[in-house]
Amino acid sequence: MRKEYEWSVQLRMLRRQCGFDFAGLACAIRGRRTLLTWQEASGNRNRNYLKIVLEPGKGIAGGVFQRRKTMVVQNVLLQYSESERVHTPILLAEDIQSFVAFPLWKDEEVDAVLMLGMREIDSVTRERYGQVQQILSEGIFGRRVIPESYEAALD
């Protein structure tokens with residue numbers, strides 16, 4: 001079975017099980033320079049996410065990749081200025097208003113980023129975050145998640 005199909009099935013199951021509007025997987029492509037590309041999504045409004053290519057530190061996936069830390073954002077409009085939102089293309093492409101993004105680890109380095117988003121503000125509750133962490137405790141896409149508290153992810 002193609003890995004993209006497996007990823008699609010896992011994203012759809014995770015998104016539905018935890019009640020998110022969007023789930024996406026961005027993978028690192030290592031070469032002369034590392035880039036991140038959104039490889040697969042579920043609940044997406046279009047396929048524009050496939051055109052997004054990010055450097056570490058840029059966009060949601062690039063920021064999580066570089067910081068190596070889970071990120072929870074409850075209100076995109078409050079936490080990102082208009083100019084910052086322009087540099088977070090996945091938020092614009094999918095109209096994400098709140099989200100959680102996890103670094104996915106493989107062989108002691110961040111290899112991918114999993115983002116789960118909502119199209120309403122204040123939707124990544126402590127309970128929903130705990131549910132996702134519990135599901136991800138076994139790993140996903142052949143990668144693992146290092147557990148972080150909800151409070152640490154909000155910083």
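Me: Which residues are linked in a network of salt bridges?
Reply: Arg30, Glu109, Asp111 and Arg143. A salt bridge here is a side-chain nitrogen of Lys or Arg within 4 Å of a carboxyl oxygen of Asp or Glu. Keep in mind that this is a predicted model, where local features need pLDDT of at least 70 and side-chain atom pairs count only at pLDDT 80 or more, while totals for chains, interfaces and linings use all residues. Residues are numbered from 1 along each chain as its sequence is written, and side-chain values use heavy atoms, with hydrogens and water left out.

Me: How many salt bridges turn up in the whole structure?
Reply: The search finds nine.

Me: OK, what about Arg30 and Asp111, what distance from N to O?
Reply: Their side chains meet at 3.7 Å, N to O. Helices (H or I, at least four residues) and strands (E, at least two) are DSSP runs, numbered from the N terminus.

Me: Is Asp111 buried or exposed?
Reply: Asp111 counts as buried, because its relative accessibility is 14%. Arg30, at 38%, counts as partly exposed. The cut-offs are under 20% relative accessible area for buried, over 50% for exposed, and partly exposed in between (1.4 Å probe, protein chains only).

Me: And which residue does Asp95 form a salt bridge with?
Reply: Arg45, with the closest N and O atoms 3.5 Å apart. That pair links distant parts of the chain, 50 residues apart: Asp95 is in the loop between helix H5 (89–94) and strand E5 (98–106), and Arg45 is in the loop between E2 and strand E3 (53–54). Asp95 is partly exposed at 32%, and Arg45 is exposed at 53%.

Me: Where's Glu148 in the chain?
Reply: Glu148 is in the loop between helix H6 (126–136) and helix H7 (150–154). Its side chain meets that of Lys69 in a salt bridge, 3.9 Å from N to O. Glu148 is buried, at 17% relative accessible area.

Me: Switching topic: how many disulfides are there?
Reply: The count is zero, taking a disulfide as a pair of cysteine sulfur atoms within 2.5 Å.
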